[in-house]
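You asked for comments on this model before it goes into the group's files. My notes are below, after the structure.

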Amino acid sequence: MTPECQGQFMALASRVMRQVLVDHARARLRQKRGEGICLETFTDSGFSAEQANVDSILEVDRLLTELEQRNPDQCRILEYRFFAGMSIE
């Protein structure tokens, strides 16, 4: 895989991871409100989707969405670092 393709893959992976986590957090909130959906937590990665984490994920998403309106490039950099674990290099 070329470095350019690898970068594109990581960019896509970070976007998808953000959406998966946000969708999961929103589903947990719906479940908490009595929708009755049975969901599992992310235990393989050591991530536990308890209420504090759900709130944190939704807050990070809200802040990234706000940043994206002001500076899309900075938003992508934070998204890549936070959701895909990419470094500055």
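1. The coordinates are a predicted model. The secondary structure consists of 3 helices and 0 strands, and the order of elements from the N terminus is α-α-α. The chain has 89 residues, of which 24% are buried.

2. The nonpolar core. The largest nonpolar core is built from 11 residues: L21, V22, A25, L29, V54, I57, L58, L64, L67, C75 and F83. Each of α1, α2 (51–70) and α3 contributes at least two residues to this core. The biggest contribution comes from α2, which gives 5 residues.

3. Helix α3. This helix covers residues 72–84, 13 residues in total. From the first C-alpha to the last, α3 spans 17 Å, close to the 18 Å expected at 1.5 Å a residue. Its buried residues include C75, R76, E79 and F83. These four lie on the same side of α3, because they cover an arc of only 100 degrees around the axis. As a reminder, an α-helix has 3.6 residues a turn, so residues three or four places apart point the same way. C75 and F83 also belong to the largest nonpolar core, whereas R76 and E79 form a salt bridge with each other. Just after α3, G85 has a positive phi of about 70 degrees.

4. R18 and its two partners. R18 counts as buried because its relative accessibility is 2%, and E79 is buried with a relative accessible area of 0%.

5. R76 forms a salt bridge with E79, the closest N and O atoms being 3.2 Å apart. R76 and E79 are 3 residues apart in helix α3, so about one helical turn separates them. Both of these residues are buried. Through shared partners, salt bridges join R15, R18, R26, D61, E68, R76 and E79 into one network. The structure holds 10 salt bridges.

6. A nonpolar patch on the surface. Which residues form the nonpolar patch? The patch consists of L12, V16, M17 and V20, and together they have about 330 Å² of accessible area. M17 is located in helix α1 (residues 3–32). With 35% relative accessibility, M17 counts as partly exposed, because that class lies between the buried limit of 20% and the exposed limit of 50%.

7. Points to check in the viewer. I would display the core side chains from α1, α2 and α3 together, then the network that includes R18, D61 and E79, and finally the patch around M17.

Definitions and conventions:
Residues are numbered from 1 along each chain as its sequence is written. This is a predicted model: local features need pLDDT of at least 70, side-chain atom pairs count only at pLDDT 80 or more; totals for chains, interfaces and linings use all residues. Side-chain values use heavy atoms; hydrogens and water are left out. Patches are made of residues with over 30% relative accessible area and no salt bridge: like charges are joined within 9 Å, nonpolar side chains (Val, Leu, Ile, Met, Phe, Trp, Tyr) within 5 Å. Accessible areas come from the Shrake-Rupley method with a 1.4 Å probe; for residues, only the protein chains shown count as cover. A salt bridge is a side-chain nitrogen of Lys or Arg within 4 Å of a carboxyl oxygen of Asp or Glu. Buried means under 20% relative accessible area, exposed over 50%, partly exposed in between (1.4 Å probe, protein chains only). The expected span of a helix is 1.5 Å times one less than its number of residues. The arc is that of the directions from the helix axis to the C-beta atoms. A nonpolar core is a set of buried Ala, Val, Leu, Ile, Met, Phe, Trp, Tyr and Cys residues joined through side-chain atoms within 4.5 Å.
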